[in-house]
Amino acid sequence: FVFEEGGIAMNNRQSFFEFTRYAYKMRGGSIDNLLHCHPQYEILYIDEAACDYVVGDRVIALQPGDLFILNGLARHCPVKVDRDTYVRTVLVFEPHLIDHFHPNLRAVDPLLPFKAMRNFHLRLDGETKRECESILKKINTYYNKGDPVEDTRLILAFYDLLMFVYTQCRPLLNRYENSPPSKELYVQKVIDYIEAHYWEDIRLEQIEASIHMSKFYLAKIFHETTGMTIFDYVMSRRISQAKLLFRHDQNSSVTSVCHLVGFKNLAHFSRVFKKLVGVSPSEYRKPL
């Protein structure tokens, strides 16, 4: 996990609420101008300077005040970027972060714009631009403080951002929900299935039966789209949940977390955890 602000990156695990990648008003620094994809959702806000952004087979001209939501599965990257003037705010996050929201706050699906519209460009101005920038500033104020009160305020600010996006997209949601299915949509269905069953003994036959599509084709397009196998994604999701459980309760035993997230063998859990996180489960759960 990397926190970036103003071009400075630092590792910090103080907060139990973590984005996969976060950068606030980052100028220059590392600009990933190679086409890439990821199974997480992404919010990109252009603070300063214009750039072209490639998403799938589209090129979109972005300018300051533009908000771009991506489901992450379509290959994307910025092009024609001036490193010295390009300033952006980026949030890449796992969909399961909304589990932090009270069930009443999920009566409306906060992630529906990412699922239905997948990759959508919003041009903000006037009051909507000021509101968006105000919410992003709040997120940055509370992010990575490691204090329960600040974490709660961060969660509320993040929820507010998702509801802001939902409000801006709402007039068009019905049209996009009824659009023909794409390869990325089928991959999203696989991810949704894993999200609902990651702690179970998942087999490709079960996913095939749920989505009504050949397991061989699903495995093929999943790897083509994400760069990961379905099995590797299941492992990643389990480890992500393990980190969350360790952060919520540092008294949780490694063995109990191992079984809660779906591993049957403690040695296997420890090996996969260290490979993906860089430290063993017991080291990770130590108080900082």
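A polar contact is a pair of N or O atoms within 3.5 Å; within protein, one must be able to donate a hydrogen and the other to accept it, and residues adjacent in sequence count only if both atoms are side-chain atoms. Keep that in mind for the close-ups below. The model is predicted, so local features need pLDDT of at least 70 and side-chain atom pairs count only at pLDDT 80 or more, while totals for chains, interfaces and linings use all residues. Residues are numbered from 1 along each chain as its sequence is written, and side-chain values use heavy atoms, with hydrogens and water left out.

View 1. Helices (H or I, at least four residues) and strands (E, at least two) are DSSP runs, numbered from the N terminus. Of the 288 residues, 48% count as buried. Here buried means under 20% relative accessible area, exposed means over 50%, and partly exposed is in between (1.4 Å probe, protein chains only). Contact means heavy atoms within 4.5 Å. Take the contacts with a separation of 6 or more: residues 24 or more positions apart account for 70% of them.

**View 2. Helix α6 covers residues 215-226 and has Ser 214 as its N-terminal cap.** A side-chain oxygen of Ser 214 lies 3.2 Å from the backbone nitrogen of Phe 216. How far should the twelve residues of α6 span at 1.5 Å a residue? The expected span is 1.5 Å times one less than the number of residues. That comes to 16 Å, and the end C-alpha atoms are 16 Å apart, so the two agree. Now look for the buried residues of α6: Lys 215, Leu 218, Ile 221, Phe 222, Thr 225 and Thr 226. Seen down the axis, they fall within an arc of 135°, so they line one face of the helix. The arc is that of the directions from the helix axis to the C-beta atoms. Their cover includes α4, α5 (204-211) and α7. After the helix comes Gly 227, with a positive phi near 80°.

**View 3. Helix α9 (residues 266-277) has a buried side and an exposed face.** Phe 269, Val 272 and Phe 273 are buried in α9. They cover an arc of only 105° around the axis, which puts them on the same side of α9. Which residues are on the face turned away from the buried side of α9? That face carries exposed Arg 271 and Lys 275. Covering the buried residues are, among others, α7 (230-248), α8 (254-260) and α10 (281-284). At the start of α9, a side-chain oxygen of Asn 265 comes within 2.9 Å of the backbone nitrogen of Ala 267. Gly 278 follows α9, and its phi is positive, near 100°.

**View 4. Phe 246 sits in helix α7.** Is Phe 246 buried or exposed? Its relative accessible area is 0%, so Phe 246 is buried. Leaving aside neighbours within four places in sequence, its contacts include Phe 269 and Phe 273, and also Ser 252, Val 254, Pro 281 and Tyr 284. Val 257 is another contact of Phe 246; the two are eleven residues apart along the chain, with 7.7 Å between their C-alpha atoms.

**View 5. Phe 19 and Phe 93 touch the most other members of the largest nonpolar core, which has 41 residues.** A nonpolar core is a set of buried Ala, Val, Leu, Ile, Met, Phe, Trp, Tyr and Cys residues joined through side-chain atoms within 4.5 Å. Helix α3 gives the most to this core, with 13 residues. Not counting residues up to four places away in sequence, Phe 93 touches Phe 19, Tyr 41, Ile 43, Leu 111, Phe 114, Phe 158 and Leu 162, among others. A second, separate core of 31 residues includes Leu 73, Val 187, Tyr 193 and Phe 263.

**View 6. Gln 188 is found in helix α4 (residues 183-197).** With 4% relative accessibility, Gln 188 counts as buried. Its side chain makes a polar contact with the side chain of Tyr 41, at 3.3 Å. Setting aside neighbours within four places in sequence, Gln 188 is in contact with Tyr 41, Asn 71 and Leu 73.
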